[in-house]
Amino acid sequence: MDDEKGNLQAQSKTADHLSVVCFGASAGGFEAYCTILSLLPADTGMAYIVVHHQPADGKPLLVEILARMTEMPVVLVADGESVKADHVYVVPAGLQVTMDGDAFRLSPLVISRGWPKNISIFLQSLADDRKKRAIAVILSGFDSDGAAALQSIKDAGGLVFAQKFLTARQPDMPQSAVKTGCVDRLLSPTEIAAQLELIGKERARFK
């Protein structure tokens with residue numbers, strides 16, 4: 001019983017110390033994902049989730065293609081699945097995701113009007129769950145999804161990066177993020193990968 005309790009405490013501590021990075025994008029984001037993942041080491045000790053605007057009937061091609069860009073496992077998010085370090089998670093088309101403890105929760109994507117808000121919804125839950133271990137990365141895309149949750153990320157002690165406008169095929173989302181005043185650094189996809197690698201190494205020292 002004591003061994004079981006110790007194992008549970010160790011797992012909880014690992015989950016508490018796990019940083020989760022959200023890549024949020026729509027149009028033009030695919031190129032940024034590929035660049036970042038191709039440059040990231042497979043052992044940063046952080047988890048990555050791709051929250052992308054895509055048609056509800058879209059085929060899960062992102063998983064297949066992104067898996068070619070990295071040695072990390074790339075999988076579709078499953079409801080109730082526990083987040084693990086050095087994994088890349090892709091949200092299935094037609095669904096939105098939130099964090100609940102160390103698990104992902106899926107629900108039908110709700111679009112009341114205009115563009116989806118699934119990036120903002122996830123980032124808000126990420127701020128509540130991961131606190132200072134939450135990292136938001138806003139990449140190429142139309143509209144302003146993600147921006148509404150960035151203040152929560154900052155208030156929780158997390159980090160916010162946005163893609164440099166000139167490197168984004170559609171700069172609307174990064175521009176909207178910058179207008180919130182919450183972006184820590186404006187970076188190219190190559191620079192984002194380098195920054196995340198540094199963060200992973202730094203945080204590994206204090207686990």
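**View 1. The meeting of helix 2 and helix 7.** In this predicted model, A32, T35, I36 and L39 of helix 2 meet P189, T190, I192, A193 and L196 of helix 7, where contact means heavy atoms within 4.5 Å. By class, this contact of helix 2 with helix 7 has 7 nonpolar, 2 polar and no charged residues (Ala, Val, Leu, Ile, Met, Phe, Trp, Tyr, Cys and Pro count as nonpolar, Asp, Glu, Lys and Arg as charged, and the others, Gly among them, as polar). Helices and strands are DSSP runs numbered from the N terminus, a helix being H or I with at least four residues and a strand being E with at least two. Residues are numbered from 1 along each chain as its sequence is written, and side-chain values use heavy atoms, with hydrogens and water left out. Local features need pLDDT of at least 70 and side-chain atom pairs count only at pLDDT 80 or more, whereas totals for chains, interfaces and linings use all residues.

**View 2. The crossing of helix 2 and helix 7.** Helix 2 (residues 29-39) and helix 7 (residues 189-204) pack at an angle of about 40 degrees, and their axes are 8 Å apart. That makes helix 2 oblique to helix 7, since angles under 35 degrees count as roughly parallel, over 145 as roughly antiparallel, 65 to 115 as roughly perpendicular and the rest as oblique. Axes here are lines fitted to C-alpha atoms, for helices over the stretch in contact, and angles run from 0 to 180 degrees between N-to-C directions. The crossing of helix 2 and helix 7 is right-handed, a term for a near helix turned clockwise from the far one by less than a right angle, while anticlockwise gives left-handed. E191 lies in helix 7, and its C-alpha atom is separated by 8.5 Å from that of I36, although E191 and I36 are 155 residues apart along the chain. At 32% relative accessibility, E191 counts as partly exposed (buried means under 20% relative accessible area, exposed over 50%, and partly exposed in between, with a 1.4 Å probe and protein chains only).

View 3. The buried residues of helix 2 are G29, A32, Y33, C34, I36 and L37, and they pack against strand 1, strand 2 (47-52), helix 3 (61-66), strand 4, strand 8 (159-163) and helix 7. G28 lies in the loop between strand 1 (20-25) and helix 2, and at 8% relative accessibility G28 counts as buried. Leaving aside its neighbours within four places in sequence, G28 is in contact with S140 and R169.

View 4. Helix 4 (residues 118-130) has 13 residues and reaches 18 Å from its first C-alpha to its last, close to the 18 Å expected at 1.5 Å a residue, the expected span being 1.5 Å times one less than the number of residues. Its buried residues include I119, F122, L123 and L126, and also R130. Just after helix 4, K131 takes a positive phi of about 55 degrees, and the place of K131 is in the loop between helix 4 and strand 7 (134-138). At 45% relative accessibility, K131 counts as partly exposed.
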